[in-house]
Amino acid sequence: TLLASSRRGLVELSRPRSGGYELRVEAAARCQRATRISGRLRGHLEALDVSLSGRVGPTVTELARPLRLANGRLVQPGRGLAIANAAVELPLAWGGSPAPPGSIRVGTMRWRDRSVGRLTLDVQQTGPRAVAVDGSARLFGVDLDARGAVALGGESAWLEMTLPPTRITPTTPLGQLLTDLAGAKVSGRVSGSASVSLSPAGRRESALLEATDVTVASRDDAKKLSGLHTTLVFSGLSALETRGRQTVRWRAATVGKYELGAGTIELTVEGPNRVFIDRAMVSTGTGSLRLSPFVFDPGAIDVKTRVHLRGVKLARWLPLLTKQRATGTGTVDGRVPLRIRRAPRLRLELGEGSIAARGRGCFQVGDIKALGSFLSAEAGYSGMVRDRVVQSLSDFCYRRLRFDVQRDDKSSRLRIHTAGKGRKVPQEIDLTVNVNGFEELFDPALRMFME
């Protein structure tokens, strides 16, 4: 406890066992001269509870001296925060006529050597122990409205801030901040609100964020999400939580050479390290790719889910997955368990599942030499038989095509079965081969998607 006292009163700063800090000021009589208190508080301030109590003599019935602060400054080097040109004037009255309006002004705010903006609040005493605030702030080039109230006895307080519909571009201050912090360029229209209330019953927090036709892109535009629309409702801010299931939709997505269509994610943020994905689906053009429900934890080593393919066209995806070594036609469906491991290195593991063509189709293999080596190693073909099979498979029309993932405790293999006839070399073939180590083929695409 730090105590300073005189015949006119006392100032006491203490830290109760319940936590936080308490500042107590008692005045024994009306003071006709200005009193200046200056000092420095070092260390991490977790909570600050300030109360004013008047101990007045029989001839003093009111306390109406304004609390003034001019050219205030706050610096927190560890957090990169600096506030300057702050001015506070809070006229407070007890026992007499209502106090005139007061104000809080912050002219300069900087964070990490970046200009943040300004804050302007009008303060009005609304009752014997209550104060209301109403004003605005301009932070990172965005205008915010603020209002709230405080019960001086510490019983309750609330603050609400509103972001009217605002357009963000990568060149605006907020857009530049998002690019620097998240490595993503953001453009589009956003709006929202946030509120915090304190009462004897506890702390309540809520927030609303709306995004309309927003585009999120990497710095080099290799990865882009366009036409994003969402309304996110949060029930907790200090420990981030959403109020039930939330929906995010977008019109198109691009990841390198992979072009996807419209998509939807339904999610629930259950805490700072737990996001439950109830539904995730994206169009692949004429088909769709869907993920079974799963939990995403940023600190977890891996993510487990199941991939469902429906109506996926080989003409679009076979060249990409084989790095242009093969092309084809036809439509496939199926489902395969999926595990993305992030340690000790980023890799993809598939569980037992299958993908099969709906009906007939064709495929072409451009690298004849690689196909011959593959058939020699995996199917045991050699000599003239191998050469004829290779020529047939280089331009092949199938009536059956199926991919089965088989797995044991240590490894997995892909079992490919096809039956049909070659077009240039009309050899009838019914072929089954096993491919080991095939999961590494997905690593480049996986790294790009995860980034």
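How many disulfides does the structure contain? In this predicted model, the count comes to one disulfide. The bond joins C362 to C397, with an S to S distance of 2.3 Å. C362 counts as buried, at 13% relative accessibility, whereas C397 is partly exposed at 23%.

Salt bridges number 20. One of them connects the side chains of R105 and D122, at an N to O distance of 3.2 Å. Because R105 lies in strand β7 (residues 102–111) and D122 in strand β8 (residues 114–127), this pair ties together parts that are 17 residues apart in sequence. Both partners are partly exposed, R105 with a relative accessible area of 31% and D122 with 42%.

A further salt bridge is formed by E205 and R203, whose closest N and O atoms are 2.7 Å apart. Here E205 is buried at 12% relative accessibility, while R203 is exposed at 53%.

Strand β29 also contributes D395, which pairs with R423 in the loop between β30 (412–422) and β31 (428–436), so that parts 28 residues apart in sequence are tied together. The closest N and O atoms of D395 and R423 are 3.0 Å apart, and D395 is buried, with a relative accessible area of 12%.

In helix α4 (residues 383–393), the residues V389, V390, S392 and L393 are buried. Viewed down the axis of α4, the buried residues fall within an arc of 165 degrees, and therefore line one face of the helix.

Terms used: Residues are numbered from 1 along each chain as its sequence is written. This is a predicted model: local features need pLDDT of at least 70, side-chain atom pairs count only at pLDDT 80 or more; totals for chains, interfaces and linings use all residues. Side-chain values use heavy atoms; hydrogens and water are left out. Buried means under 20% relative accessible area, exposed over 50%, partly exposed in between (1.4 Å probe, protein chains only). Helices (H or I, at least four residues) and strands (E, at least two) are DSSP runs, numbered from the N terminus. The arc is that of the directions from the helix axis to the C-beta atoms. A disulfide is a pair of cysteine sulfur atoms within 2.5 Å. A salt bridge is a side-chain nitrogen of Lys or Arg within 4 Å of a carboxyl oxygen of Asp or Glu.
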